[in-house]
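We'll start with a sheet and end with a pocket.

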Amino acid sequence: MRRIVQPRPALPALLSAALAALLLLWPPAVHAADRTGPPRDDPAACALPGATGWTDEGHDTDHSVFQRPAGTLQVAMVFVDFPDAPATEPPATHGARVTAGADWLWYASYGKVWPAVTAHPHWVRMPRPSTAYGFARGLTHEAHEAYLRDAVTAADPGVDFSRYDMVYVVATRTAPAISFTPTYLYEPGTPGIVADGRRVRWAVTFGQDMWRWDRRLAAHETSHTFGLPDLYAFEAGTDPHRFTGGWDVMGLIAGAGSQYLAWHSWKLGWTTDGQIRCRASRGGDTVRLTAVEYAEGTKAAVVRTGPTTAYVVESRRAVRNDAGACASGALVYRVDSSVPTGQGPVRVLDAHPGSTPPAGCRPLDDAPYRPGESFTDPAAGVRIDVLAAGALGDTVRITKN
């Protein structure tokens, strides 16, 4: 057995320390009216309840179903091939790609969670042909559980599953029938899968699309076990990334955004209540936002608009793809925790509709607002003005009338 994990680097801590020093040199932009205006609302007043019964944007995550995104998660990674698709490649090529995504998750969570992956670097043979597992039919929960059960059973002689919080199953590249990468969550009250005296509650089974997406596929799927929904559209025949573009790994996995949305970071506990400015009552606030790419500072300003809705503004800076820089500025989006996964629970508001994004960038990459630009929703009585921009973030004014 070989562990292909490295000690967690100290880079995020160093960056945070450097940013804290810079923030001391960045004077706050506070209007005189803010000192005598309405008191700040408690951030809890802007936390939305879950309303779908599954993965959604609510803060009240059901941890009897979803795992807590904190600390070190012990992950067993097993490699499987099939009677009709024997592996011809070394498993290490697959393992390196998956563990790179796990390491990215640690950076993106500001060092709050780390999937520590232990690779068991030998192919184990599944008992049935790859074409027998139902992936071509869309894969029901029962069929997915059967696939996972076969993989765990095949690997069990060489793996002590009692040591692990979750399982990654990686299929050989020679098995095109294992076409995509779904996440498994144990359904309470059912027999499920038990190995070495421990129930397998969370797993990701990697298919052929792991070679189409970049390393962040591992972060995307693991985040489903934390309760995050899909931000891309399930509806066929339309642009699947019309809701959020590439601003969050739960949308376009290979997008230009290098970080989770601040709303997701807050929902998962990686950003504290003290880093959120809430406006749930009438009034206004001038807020100096530090870009979400950094751990310190205020991460988001939230305007609550209804029982399950809010507008959020955050600052984005390190927005890049393979072609270079795309856009930066104040990103505004609407959250609705009553909207199911895949139907647009988060929708980014495009500040420049119809504009041509920089070369190599995608639609919505140019969505952020810049100084002098404003977003308004007269029906909700919401206005967001971008007052200034700096190297570390943006200063905005949020108003609820």
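## The sheet

Four strands make up an open sheet, in the order β10-β19-β18-β17, with antiparallel pairing. (Strands are DSSP runs of E, at least two residues, and helices are runs of H or I, at least four, all numbered from the N terminus; two strands pair if DSSP finds at least two bridges between them.) β10 (283-290) and β17 sit at the edges with a single partner strand each, so one side of each has no neighbour in the sheet.

This is a predicted model, where local features need pLDDT of at least 70 and side-chain atom pairs count only at pLDDT 80 or more, while totals for chains, interfaces and linings use all residues. Residues are numbered from 1 along each chain as its sequence is written, and side-chain values use heavy atoms, leaving out hydrogens and water.

## The hairpin

Now zoom in on β17 (residues 374-377). Four bridges tie β17 to the antiparallel strand β18 (residues 382-389), and Phe375 stands opposite Ile384 in β18. Four residues lie between the two strands of this hairpin, and Gly381 takes a positive phi near 70 degrees.

## The pocket

What is the volume of the largest pocket? About 800 Å³. (On a 1 Å grid over the protein atoms alone, a pocket is an open set of points where a 1.4 Å probe fits, with protein on both sides within 12 Å along at least five of seven lines; lining residues have an atom within 4 Å of a point. The volume is the space filled by probe spheres set on the points, which are joined across faces, edges and corners.)

The lining has 31 residues, with Pro182, Thr183, Glu221, Asp230 and Tyr232 nearest the centre. α5 gives the largest share, four residues.

Notes. Buried means under 20% relative accessible area, exposed over 50%, partly exposed in between (1.4 Å probe, protein chains only).
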